[in-house]
Each structure stands twice: as structure tokens, then as C-alpha cells.
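Dear colleague,

I am passing on to you a structure that you have not worked with before, and below it you will find what came out of going through it. Please read the notes with the model open beside them.

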Amino acid sequence: MINYLYSSIIGFQTDTVAMTVATSGILARLIIGKSGLIGKYTSNDSREFISKGKELIYNIILGLMVGIVISYTGAVLIESGVPVDAVKASYPSLCFAISAITLIFVQFGAGVPTTHHISLTSSNAFVLSGNPIVGIIVAIISSLLGDFFTKTFNSHCDSHIDPPACTIFIMTFIILAVFA
């Protein structure tokens with residue numbers, strides 16, 4: 001219902017599935033939860049909305065590495081003769097799928113980072129801009145934005161709002177506004 005509203009009635013130019021996942025989490029928190037949209041922080045220390053120190057460096061390096069792999073692989077595909085239209089049509093979905101599949105390892109206790117929000121947005125930026133550097137920059141921003149949503153919406157609260165979904169729908173909106 002929500003996705004139909006976003007995609008067919010309103011016509012948002014973004015990833016409406018991700019927007020629906022984020023909206024569902026926000027609605028559930030506001031209707032059922034007791035901690036408010038960004039949770040109830042009770043400590044006297046200042047609240048952290050983005051990682052600092054080693055965690056910040058980790059997120060930047062994670063985005064950088066995912067962005068390099070995504071953008072370089074996409075560029076190699078195009079240079080090797082794969083039609084640009086075919087890359088535009090399927091490459092972002094392939095990148096998302098590979099990253100999403102790695103989440104299976106998390107269920108078995110492996111320390112695998114969540115990267116599907118980084119790989120989808122950076123591959124979309126790469127294929128729409130045609131520029132690997134844009135894909136890398138978007139990957140770094142997406143990694144940091146995912147961290148921001150994790151710290152803001154999923155700390156000191158009683159329900160889950162999906163940080164990757166929030167990142168995907170906001171970054172896709174920006175990417176489409178700039179490059180489509």
C-alpha cells in the first residue's frame with residue numbers, strides 16, 4: 001500500500017521500496033513504540049550521531065573500498081564491450097544482490113559489514129554519471145549516512161528503523177535529481 005502510494009500516486013523519483021521500508025519502521029516506532037523517533041537518550045554525555053575516531057575512519061575506508069570495487073568493475077565491464085544500456089539496466093541490481101547475500105554470514109555470527117546501501121547507491125551513481133569518481137564519492141557518503149541513521153534512529157530506542165533503507169532512498173533521490 002505504502003509503496004503503491006509513493007510510486008504510482010505521488011510518483012516519487014527514488015527507490016520507493018527502500019522508502020517504504022523506512023516509512024514502515026518510522027510508523028511502527030511512532031504508533032507502537034514508546035521511545036520516540038530518535039529514542040530517549042538519558043546519559044549526561046553528549047549523544048553521538050555519527051561515529052568518531054577509528055569508527056569514522058573505518059566507515060570512510062569501507063565506503064572508499066566498496067566504491068572502488070563497484071566503479072572499477074563497472075568501468076571494466078563497459079570497456080570490455082558490455083553494452084552501456086545493459087550495464088545501466090542490471091549492474092546496480094547485481095551489486096545490491098551480492099552485498100545483500102553477504103548478510104547471510106551475519107546470521108552465522110561472522111563480522112560482515114552491511115554494504116548493500118553502499119553498493120546500490122554507488123553503482124547507480126556510476127552508471128548514471130558514467131564517472132567512477134562519482135561512484136566512489138557516493139559510496140563514501142552512503143557509508144557515512146548509513147552510520148548516521150544507525151546512531152540516530154537505532155540507539156536508545158525500542159524498535160528498528162532500517163538505516164540501509166533510509167540511506168538508499170535518500171541517496172537514490174539525490175542521484176536521480178542530479179544525474180537522471
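The lining of the largest pocket is made up of nine polar, five nonpolar and three charged residues, and since this is a predicted model, please read this and what follows as computed from it. That pocket has a volume of about 330 Å³, and of the 17 residues that line it, Asn 59, Thr 114, Gly 146, Asp 147 and Thr 150 lie nearest its centre. Helices α3, α7 and α8 each contribute at least two residues to this lining.

The second largest pocket holds about 180 Å³ of space, and its lining divides into eight nonpolar and four polar residues, with no charged ones. Here α3 and α4 each supply at least two residues, and the lining includes Met 65, Tyr 91, Cys 95, Thr 115 and Ser 119.

How far apart are the end C-alpha atoms of α6? They are 20 Å apart, which agrees with the 20 Å that the 14 residues, 116–129, should span at 1.5 Å a residue. After the helix comes Gly 130, whose phi is positive, near 75 degrees.

With best wishes

How values were computed. Residues are numbered from 1 along each chain as its sequence is written. This is a predicted model: local features need pLDDT of at least 70, side-chain atom pairs count only at pLDDT 80 or more; totals for chains, interfaces and linings use all residues. Side-chain values use heavy atoms; hydrogens and water are left out. Helices (H or I, at least four residues) and strands (E, at least two) are DSSP runs, numbered from the N terminus. The expected span of a helix is 1.5 Å times one less than its number of residues. On a 1 Å grid over the protein atoms alone, a cavity is a set of points where a 1.4 Å probe fits but cannot get out, and a pocket is an open set with protein on both sides within 12 Å along at least five of seven lines; lining residues have an atom within 4 Å of a point. Grid points are joined across faces, edges and corners, and a volume is the space filled by probe spheres set on the points. Ala, Val, Leu, Ile, Met, Phe, Trp, Tyr, Cys and Pro count as nonpolar, Asp, Glu, Lys and Arg as charged, and the others, Gly among them, as polar.
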